[in-house]
Amino acid sequence: MQRHKTSSFIKRRRVCNVFSADMTDSERTEGRLLQFLWDGLRGWQSLLSSPFFPVLFSLTVYLGCCFPYVCLDLLCPRLALVRRYKIQPQSKVTWPVAWRCMLKILRNHVCFVFPLSLVHWYWSPPVCPPQAPEMLSVVQDVLACLLLFDTQYFLWHLLHHKVAWLYQFFHKEHHLYTATFSLATEDTSVWEMLSLSFFATLNPALLNCHPLTKMLFFITNIYLSVEAHSGYEFPWSPHRLVPLGLYGGSRHHDLHHLKFKVNYAPYFTHWDRLCGSLHRGGTQKK
């Protein structure tokens with residue numbers, strides 16, 4: 001009897017050890033992937049430490065996220081398949097409009113973002129630690145930064161719609177179009193661009209995020225912002241992948257541009273739901 005109990009205990013112990021080893025291997029694999037990525041980036045440390053890097057990084061990621069949607073906008077008048085997924089199929093994006101947005105984005109980055117990046121680089125030189133962050137830490141920090149940014153943007157956005165002179169002088173420029181398109185994401189006043197850039201930079205600093213986590217947050221934040229302004233709704237769009245209607249996405253923000261006094265939050269829906277400004281209706285004008 002005693003021998004049987006001992007044998008059962010040993011078997012259970014072996015099973016536990018197997019699961020423990022599997023979890024450790026999984027964690028080690030994730031750690032190795034992040035470390036491999038971070039080591040590769042650190043190989044470009046001279047670029048990462050350059051005062052030009054924030055502007056180049058921001059422009060590259062932004063234009064890279066916009067490019068597929070710009071191609072769709074150009075194909076939309078010719079292909080019914082593309083129009084099928086456009087939220088407001090009657091709207092068209094022309095070359096003059098696209099170039100105007102492009103020139104404005106380039107001007108804002110060169111004339112305003114770069115000087116401020118230079119000041120930030122001087123007072124807080126970038127640090128590249130040898131160790132990469134843990135995967136769980138990256139996911140938690142990126143989500144926390146997104147939730148913080150969503151709250152800050154909601155309050156900022158609501159204030160600029162409720163106070164007439166703030167809207168007139170600072171936010172009206174972004175509402176030039178009632179149908180959203182990707183390049184209009186940063187078609188804003190200088191004040192709005194700098195305010196939102198400040199929030200996006202502040203949150204990773206408040207949470208003391210690893211430099212790799214900061215980069216992944218910036219990429220995620222820019223992509224989600226462009227996707228929200230894209231004017232397209234696909235089966236794989238983020239708001240279709242997040243359950244319970246917790247995420248708004250492109251249709252959510254397109255309705256804000258069309259109906260004006262609804263859907264102030266950029267990404268998630270909880271603040272609009274709590275404040276009674278959530279709207280999920282169609283996008284056809286009344």
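**A helical protein, question by question**

Of the 286 residues of the protein, 42% count as buried, meaning under 20% relative accessible area with a 1.4 Å probe, protein chains only (over 50% is exposed, in between is partly exposed). This is a predicted model, where local features need pLDDT of at least 70, side-chain atom pairs count only at pLDDT 80 or more, and totals for chains, interfaces and linings use all residues. Residues are numbered from 1 along each chain as its sequence is written, and side-chain values use heavy atoms, leaving out hydrogens and water.

Visitor: How many helices and strands does the protein have?
Guide: Here helices are DSSP runs of H or I with at least four residues, and strands are E runs of at least two, numbered from the N terminus. The tally is 12 helices and 0 strands.

Visitor: Are H9 and H11 parallel or oblique to each other?
Guide: H9 (residues 211-229) and H11 (residues 249-259) have axes 7 Å apart and pack at about 60 degrees. Angles under 35 degrees count as roughly parallel, over 145 as roughly antiparallel, 65 to 115 as roughly perpendicular, and the rest as oblique. So H9 and H11 are oblique.

Visitor: Which residues in H11 do Glu 227, Ala 228 and His 229 meet?
Guide: Contact here means heavy atoms within 4.5 Å. On the H11 side, the partners are Gly 249, Ser 250, His 253 and His 257.

Visitor: How many disulfides are there?
Guide: A disulfide needs a pair of cysteine sulfur atoms within 2.5 Å. For Cys 101, the nearest cysteine sulfur, that of Cys 66, is 9.2 Å away. The count comes to 0 disulfides.

Notes: Axes are lines fitted to C-alpha atoms, for helices over the stretch in contact, and angles run from 0 to 180 degrees between N-to-C directions.
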